[in-house]
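Here's a quick tour of a protein model, written for someone who likes to know where the cut-offs sit. Have a look at the fold first, then read on.

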Amino acid sequence: MVREREITGIYLDESKLDVFCLKGRLGKWSSVQPPHKFDDTGRSLAEQVKGVLQAIRPSRKRKICLALSRKNLFLRELSFPQLEPDEAANAVRMGIGLHIHLKPDEIYHDQWAFKRGDETVVLLAYIPRSFLDPILRAVRETGHGKSLGPISPATLGLDILLRSSTEASLPCVSLGRQGDGLCVSLHGVYGWEGSHSVSVSDEEDVSMDLQKLAQHLPSPFFNLAIAPVYAVGDLGTAIPDPPPRDPCNAIKDLLNICGQEGKVTWGLCAASLGLTSYPAISFQEGARRKPFRLRIKPYQFVVGAAAAAMILVTGFQGLQLQHRVQSVHKMEQEVKKLQEHLSPMLNTQKQLEQIENQLKDLGEFRVERPPELKVLKAVAELTPPQTWIKNFNLKKDRLKVTAEGGSAVKTMGKWRQSPLFLEVKLISPVTKDRQQRERFTVQMKLAGGKGRASSGN
């Protein structure tokens with residue numbers, strides 16, 4: 001019997017929650033009616049969530065996703081032109097206090113790093129704990145704590161929904177009404193790139209507001225912001241010209257998932273957060289870990305498949321060898337006798353190989369290891385004048401440097417210019433003193449082979 005899975009999406013709107021349910025079977029998802037209709041108008045947001053979850057029986061096969069409106073979270077886009085996405089994300093996570101206007105212990109935060117052309121961009125999202133903690137407490141008190149899935153922006157759920165279809169046009173922009181304004185969401189070729197709020201009234205023509213916003217958007221979205229591609233829910237009278245299309249009407253393979261209303265709602269966007277095992281942004285305690293399958297590199301999949309194939313072939317050969325056990329046993333006895341005669345010679349050969357390896361290591365040390373003076377000279381020449389070295393530690397093929405002064409990103413970029421330094425990466429948070437001087441620690445791998453340890457301060 002194939003076990004069904006469920007997703008319950010809850011869009012957190014103070015005026016009225018939007019609840020949407022999906023059921024999955026054999027990899028296909030379809031919408032279903034929520035078990036009860038909810039009307040908790042006038043109650044706090046946490047009380048509304050508690051009322052919804054009290055009407056649903058806890059189940060291990062259900063995932064509960066919470067979607068946030070744009071006004072309840074903060075988004076910042078940070079540029080790191082000289083870092084790779086993983087390095088940039090780590091730099092933001094370790095130096096979170098430099099990029100937010102609240103105290104780090106007062107927020108939940110997450111970041112998503114991606115490439116926009118040749119530039120590395122980090123999208124930092126954070127939300128006050130005072131907003132989210134009462135809702136999380138309501139989830140736990142109703143017995144659904146183990147079923148809690150992503151807690152993410154609602155527009156990220158829309159992005160996941162669009163990418164579940166092969167017919168969606170990307171990059172694109174989507175529009176959706178949230179409270180008294182419009183939320184403009186950016187959907188890039190490779191992932192969600194954030195959202196913006198536009199304050200309008202029902203009587204306004206929002207085309208002019210969108211044109212103003214487009215002047216500050218990256219180039220892939222400049223024209224799309226003037227003529228949005230997709231819409232979420234009812235935009236009211238604030239409809240730009242030309243009007244955007246609802247994904248349920250524009251994309252055929254979303255018909256089953258769109259429900260009886262036949263249009264995308266914020267509740268559906270909340271449920272769509274559960275369609276992926278690792279959304280780009282999700283708020284929770286501590287750093288998130290990617291699922292095992294996402295941490296495996298493509299070449300590792302190939303190696304694993306090759307190993308499995310070799311094991312399978314070896315298994316078949318083992319079945320054939322069972323018929324030759326007796327003859328093999330006799331041959332092993334003969335080999336054992338020969339080994340007893342050859343043992344002295346093998347010991348001598350082993351000693352010679354050890355001496356040869358030692359000589360080889362000595363030769364590699366003399367030829368391949370860059371001299372300490374050369375390393376010191378490279379660091380001294382490449383370090384910007386406004387930055388000075390506080391601590392210098394060279395051990396085997398690893399160099400650890402603690403520096404203070406100018407920009408950590410620019411200093412690391414200078415060090416990367418030397419062919420002596422590989423894998424230049426931060427291993428500590430970037431901090432600033434009262435004079436706004438940055439202090440940071442960087443580890444580099446030296447090009448070349450093994451060598452003896454040395455250090456200096």
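M345 sits in helix α11, which covers residues 325-367; helices (H or I, at least four residues) and strands (E, at least two) are DSSP runs, numbered from the N terminus. Before going further: this is a predicted model, where local features need pLDDT of at least 70, side-chain atom pairs count only at pLDDT 80 or more, and totals for chains, interfaces and linings use all residues. Residues are numbered from 1 along each chain as its sequence is written, and side-chain values use heavy atoms, with hydrogens and water left out.

Back to M345: with a relative accessible area of 58%, M345 is exposed. The scale here is buried for under 20% relative accessible area, exposed for over 50%, and partly exposed in between (1.4 Å probe, protein chains only).

Now for some helix packing. The axes of α1 (residues 45-54) and α3 (residues 129-141) come within 9 Å and cross at roughly 20°. That makes α1 roughly parallel to α3, a label for angles under 35 degrees. Axes are lines fitted to C-alpha atoms, for helices over the stretch in contact, and angles run from 0 to 180 degrees between N-to-C directions. The crossing of α1 past α3 is right-handed, in the sense that the near helix is turned clockwise from the far one by less than a right angle.

Most residues other than glycine have a negative phi, and most peptide bonds are trans. Here, L170 and P171 are joined by a cis peptide bond, with omega about 0°, and P171 lies in the loop between α4 (154-163) and β9 (172-178). K396 has a positive phi, near 55°; its place is the loop between β13 (388-395) and β14 (398-405), and at 52% relative accessibility K396 counts as exposed. E423, in strand β15 (residues 421-426), also has a positive phi, near 50°.

Side chains of opposite charge can pair when their charged atoms come close. How many salt bridges are there? The count is nine, taking a side-chain nitrogen of Lys or Arg within 4 Å of a carboxyl oxygen of Asp or Glu. Three of them are tabulated here:

| Pair | N to O distance |
|---|---|
| E6 and R62 | 3.3 Å |
| R116 and E77 | 3.0 Å |
| R439 and E404 | 2.9 Å |

R439 lies in strand β17 (residues 438-446) and E404 in strand β14, so this pair ties together parts 35 residues apart in sequence. E404 is buried, at 12% relative accessible area, while R439 counts as partly exposed at 36%.

As for the other two pairs, E6 and R62 are both buried. R116 counts as buried at 16% relative accessibility, whereas E77 counts as partly exposed at 43%. E77 and R116 also belong to a salt-bridge network with E193.

Key: Angles under 35 degrees count as roughly parallel, over 145 as roughly antiparallel, 65 to 115 as roughly perpendicular and the rest as oblique.
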